[in-house]
Every structure is written in C-alpha cells, then in structure tokens.
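These are my notebook entries on one protein chain.

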Amino acid sequence: MKFFIDTANLAEIKEANDLGILDGVTTNPSLMAKEGITGAENILNHYVAICNIVDGPVSAEVIATDFEGMVREGEQLAALHKNIVVKIPMITEGIKAIKYFSSKGIRTNCTLIFSAGQALLAAKAGATYISPFLGRLDDVSTDGIQLIQQIRVIYDNYAFNTEILAASVRHPMHIIHCAEIGADVMTGPLSAIKALAKHPLTDLGLQQFLADYAKGNK
Ligand code: E4P
C-alpha cells in the first residue's frame with residue numbers, strides 16, 4: 001500500500017518524507033490556499049518545491065473546467081517536473097481530458113469521486129489514479145469504505161490498471177480499513193500517518209525497559 005501525504009505544507013511534507021515511508025503527495029486548490037500560496041507563478045513554483053522534496057507522484061490540480069482549458073493547464077503542470085500527476089475533476093469534460101492525457105502518456109488523478117459509476121468511467125478513460133473521498137462521504141452518513149470496496153471489486157473484475165487512491169482520509173482507522181480492503185494508495189494528513197505508530201503499551205513498555213536498564217547500569 002502506498003502512502004501519500006495530503007497537504008501543501010512543505011515542513012509537513014519534509015517531515016513525512018524523512019520518515020522514509022512516503023510514496024507521494026496530493027494537493028488541491030484549498031490546501032494551496034491554506035498555505036497562503038496564491039497567483040499562478042507562486043503555485044507553479046510551489047509544485048516544483050514539493051517535487052524537489054519527494055521522489056514520487058505529486059498531484060497538481062487543474063482549475064479549468066472545460067476540456068481545452070484542462071488540457072492547456074495540465075500540459076503546463078506536467079512539464080514542470082517528472083513527478084507531476086495532473087489532477088482532474090470528475091466531470092464530463094474531465095473524462096475527455098483524462099482520455100487525452102492518457103493517450104499522451106501523461107499521468108492523471110481523477111478527483112472528487114463519490115460513486116462507483118464515476119470510478120468506472122474514470123478507469124475507462126485511462127486515469128492513473130482515482131480519488132474516492134472517504135472522509136467526505138462519512139461526513140454525510142454514507143459509508144466511504146464500502147464505496148472503495150465496491151470499486152475494488154469492479155476494477156478487479158476487469159483488470160483495470162487504474163489505482164484506487166483513498167482520499168479524504170482523516171484518521172488512522174481509515175488507513176487500516178483501506179489496507180484491509182486493498183486500496184492501492186491512501187492520502188491523508190501527517191497526523192493520521194504518525195498516529196499509526198502510537199500505542200500506549202509501546203510507550204509503557206519502553207519506559208519500563210529504560211527504567212530497568214538504568215537500575216542495572218548505575
Ligand atoms: C484528495 O486528493 C483531496 O486533496 C483530499 O484528500 C480531500 O480531503 P478533505 O476531505 O479532508 O478536504
């Protein structure tokens with residue numbers, strides 16, 4: 001299972017990368033805005049800065065919602081760095097753009113997936129990744145894990161190469177459930193990744209080991 005971090009914060013990306021378990025990064029316009037990154041040039045430079053930290057796929061989202069605009073922006077993004085994956089929203093124009101990029105060998109991440117039908121369309125268009133938004137579905141009392149499970153079955157039935165990138169992950173149990181049902185990738189905040197390492201019995205056990213060592217080695 002690949003681990004991506006879902007942020008545009010360079011310090012967090014670096015911290016996750018330093019753990020040695022980071023495979024890639026996802027961003028979106030809201031995450032860029034949260035870091036105060038505005039203006040086309042600054043945004044493009046920020047993507048390059050992320051790519052220079054992480055040697056793996058970095059999703060950069062288009063803003064245009066028409067086919068021509070998405071192609072123009074996507075080509076500009078893809079030309080920035082070899083790590084860039086063009087992130088395209090699941091709308092009908094987006095499906096056309098995914099098909100276009102796939103025929104050009106440019107990797108895509110189809111974002112804002114909330115149904116199995118959307119996932120099927122994106123895979124048929126040749127998306128490299130699809131991003132079902134787990135947490136946002138849970139927020140509206142719909143089982144996000146169940147959706148990912150359904151997509152897994154569909155993709156396996158037809159041997160689609162499109163990778164399921166479980167997005168909108170909020171906490172460590174989301175990650176565990178995604179791993180159980182065979183999501184290819186998860187993207188989440190640094191807090192959720194670090195929380196996987198925590199267990200009170202680990203802390204207590206270590207405390208005891210260190211105390212016992214100190215007693216015998218005064
Ligand atoms: C996916 O690529 C999105 O950036 C992200 O996971 C959305 O997460 P949120 O629902 O926590 O905003």
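**Entry 1: helix 8**

I began with the buried residues of helix 8, which are G144, I145, L147, I148, I151, R152, I154 and Y155. Buried means under 20% relative accessible area, exposed means over 50%, and partly exposed lies in between (1.4 Å probe, protein chains only). The model is predicted: local features need pLDDT of at least 70, side-chain atom pairs count only at pLDDT 80 or more, and totals for chains, interfaces and linings use all residues. Residues are numbered from 1 along each chain as its sequence is written, and side-chain values use heavy atoms, with hydrogens and water left out. Helices (H or I, at least four residues) and strands (E, at least two) are DSSP runs, numbered from the N terminus.

An α-helix has 3.6 residues a turn, so residues three or four places apart point the same way.

I then noted the length of helix 8: its 15 residues reach 22 Å from the first C-alpha to the last, close to the 21 Å expected at 1.5 Å a residue. The expected span is 1.5 Å times one less than the number of residues.

At the start of helix 8, I found a side-chain oxygen of D143 within 3.1 Å of the backbone nitrogen of I145. Just after the helix, A159 takes a positive phi of about 50°, although A159 is not a glycine. A159 is found in the loop between helix 8 and strand 7 and counts as exposed, at 59% relative accessibility.

**Entry 2: what covers helix 8**

Which elements cover the buried residues of helix 8? I listed strand 5, helix 6, strand 6, helix 7 (134-139), strand 7 (163-166) and helix 9 (172-180) among them. For I151, I recorded contacts (heavy atoms within 4.5 Å). Leaving aside residues up to four places away in sequence, I151 touches I113, A116, A119, I130, P132 and I164.

**Entry 3: the nonpolar cores**

A nonpolar core is a set of buried Ala, Val, Leu, Ile, Met, Phe, Trp, Tyr and Cys residues joined through side-chain atoms within 4.5 Å. The largest one has 57 residues, of which I88, C110, I113, I130, I148, I151 and Y155 touch the most other members. Helix 8 (residues 144-158) gives the largest share of this core, 6 residues. Apart from it lies another core of 5 residues, including F4, V85, Y129 and L165.

Next I turned to strand 5 (residues 108-113), where 5 of the 6 residues are buried. L112 is found in strand 5 and counts as partly exposed, at 33% relative accessibility. Its phi is near 65°, a positive value in a residue other than glycine.

Two strands pair if DSSP finds at least two bridges between them. Strand 4 (residues 84-89) runs parallel to strand 5 and is joined to it by 4 bridges. K87 has N109 in strand 5 as its bridge partner. From strand 4 the chain crosses through helix 5 (residues 92-103) to strand 5, in a right-handed β-α-β crossover. Right-handed means that, with the strands pointing away from the viewer, the path from the first strand over the helix to the second runs clockwise.

Strand 6 (residues 129-132) is also parallel to strand 5, with 3 bridges joining them. C110 stands opposite I130 in strand 6. The crossover from strand 5 through helix 6 (residues 116-125) to strand 6 is right-handed.

**Entry 4: the whole chain**

Finally, I counted 11 helices and 8 strands in the chain. Of its 218 residues, 44% are buried.

Note on methods: A polar contact is a pair of N or O atoms within 3.5 Å; within protein, one must be able to donate a hydrogen and the other to accept it, and residues adjacent in sequence count only if both atoms are side-chain atoms.
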